[in-house]
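Q: I'd like a close look at one part of this protein, please. Could you walk me through the pockets, with most of the attention on one of them?

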Amino acid sequence: MSTYLIKGVRPLGGEPADILVEDGRIAAVGDSLDATGAEVVEAAGLIALPGLVDLHTHLREPGREDAETVETGSRAAALGGFTAVHAMANTDPVADTAGVVEQVWRLGQEAGLVDVVPVGAVTVGLGGERLAELGAMADSAARVRVFSDDGHCVADPALMRRALEYVKAFDGVVAQHAEEPRLTAGAQMHEGDRSARLGLTGWSAAAEEAIIARDVLLAEHVGARLHVCHVSTAGSVEILRWAKSRGVRVTAEVTPHHLLLTDACAESYDPVFKVNPPLRTDADVEALRAGLADGTIDAVGTDHAPHAVEDKESEWAQARPGMLGLEQALSVVIETMVEPGRLDWAGVADRMSVRPAAIGRLDGHGRPIAPGEPANLVLVDAAARAVVDPAALASRSRNSPYAGRELPGRVVATFLRGTPTVLDGKAVK
Ligand SMILES: [Zn+2]
């Protein structure tokens, strides 16, 4: 294994230092380190963060390898600065048994670009009727700790309570896609003035908030951990703030697209902007940024959702919901949180690495940049700006909502346990 000397980088945006990476770990951090024989990475002006961790990635394998594979999604993740991603369970077959989660975990190991951490389904086949084999998935080689029916809500409150009770036994967490299905039948976009004007069926904020309110009460009653996926409304942030003030064991994530885009995008009728939960209003975006800044929202989760062209480039009503996210997540956070002064680099490390790693109970990720720690690192050129070109993405799909948009920040290098997965902004393999 090679030794790397990263010269003149700014850990967490602080004073410049050298970082010596040896045997997969950070061997030293200091001024003018000398390491004979080490490969030198000139990093003056770059910022070093712990490798990013995503709680919410759709890798589509097994089942829809035409949209993404574990390998192509892993490469997209590495290029986005990630060293670990949680792979959602809504594959085909669904990841609801030890066998399927172990298959996904093994594919991730083979790709070797990020740690692929399988999420287990809460219910058999995401059907919302019977609990899946949660214990068997937890005990498997994949050591599943996060369980989610994402794409679907665990709508039955009795089943949700049982799932919370079950995962508590092994310190797992239920990650809820909060959507009361009785309130979103046929929904196409955020319910408000615009949906009325555009003649599209609305997805009300209340449909999300009602489930979050119910679930924080259940989590409090059971004493188990609840995680709320892709929070999208101001009211949800208020409920989470209230729940945390009561000591409920709840965490939450927000997507990059909900931090940047609004339902105004739907006026184009371009289905690339169709997503679930939908893009909301300016006031919601402001509340989400404030919630992420003050820590009410713990993490950024990409909800990276690749779709094949035929599933996305159609009439709005027929298009699948979902957007790519891995490769631009950090750029969007820089644009919406860092440049406006709402989050410093330590804050970015906290929301995109430390807290998501803690929520997923991952060892070796979200660690300080300090001697002895695993060398999971990303080096970022925060000043660089570039226009997003979907054709240049590593993802197998092209449904980026940022196409043609100029965004700040470029991932220059990513290290996974001391091995570069990205160098000079390009994937190593
Ligand atoms: Zn979801």
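How do the residues of the lining of the second largest pocket divide into nonpolar, polar and charged?

A: Happy to take you through it; please keep in mind that this is a predicted model. The lining of the second largest pocket divides into 13 nonpolar, 5 polar and 4 charged residues. The space in this pocket comes to about 580 Å³. Of its 22 lining residues, Glu327, Gln328, Ala386, Gly409 and Arg410 are the closest to the centre.

Now for where that lining comes from. Three elements each supply at least two residues: α11 (329-338), β16 (377-387) and β17 (406-416). Among the contributors, β16 provides the largest share, with 5 residues. Two domains take part as well: domain 1 (4-47 + 373-427) and domain 2 (52-359) each give at least three residues to the lining.

The largest pocket has a volume of about 730 Å³. It is lined by 37 residues, and those closest to its centre are Asn90, Gly151, His307, Arg320 and Pro321. By class, the lining of the largest pocket holds 14 nonpolar, 14 polar and 9 charged residues.

Definitions and conventions
Residues are numbered from 1 along each chain as its sequence is written. This is a predicted model: local features need pLDDT of at least 70, side-chain atom pairs count only at pLDDT 80 or more; totals for chains, interfaces and linings use all residues. Side-chain values use heavy atoms; hydrogens and water are left out. On a 1 Å grid over the protein atoms alone, a cavity is a set of points where a 1.4 Å probe fits but cannot get out, and a pocket is an open set with protein on both sides within 12 Å along at least five of seven lines; lining residues have an atom within 4 Å of a point. Grid points are joined across faces, edges and corners, and a volume is the space filled by probe spheres set on the points. Ala, Val, Leu, Ile, Met, Phe, Trp, Tyr, Cys and Pro count as nonpolar, Asp, Glu, Lys and Arg as charged, and the others, Gly among them, as polar. Helices (H or I, at least four residues) and strands (E, at least two) are DSSP runs, numbered from the N terminus. Domain bounds come from an automatic or database domain assignment.
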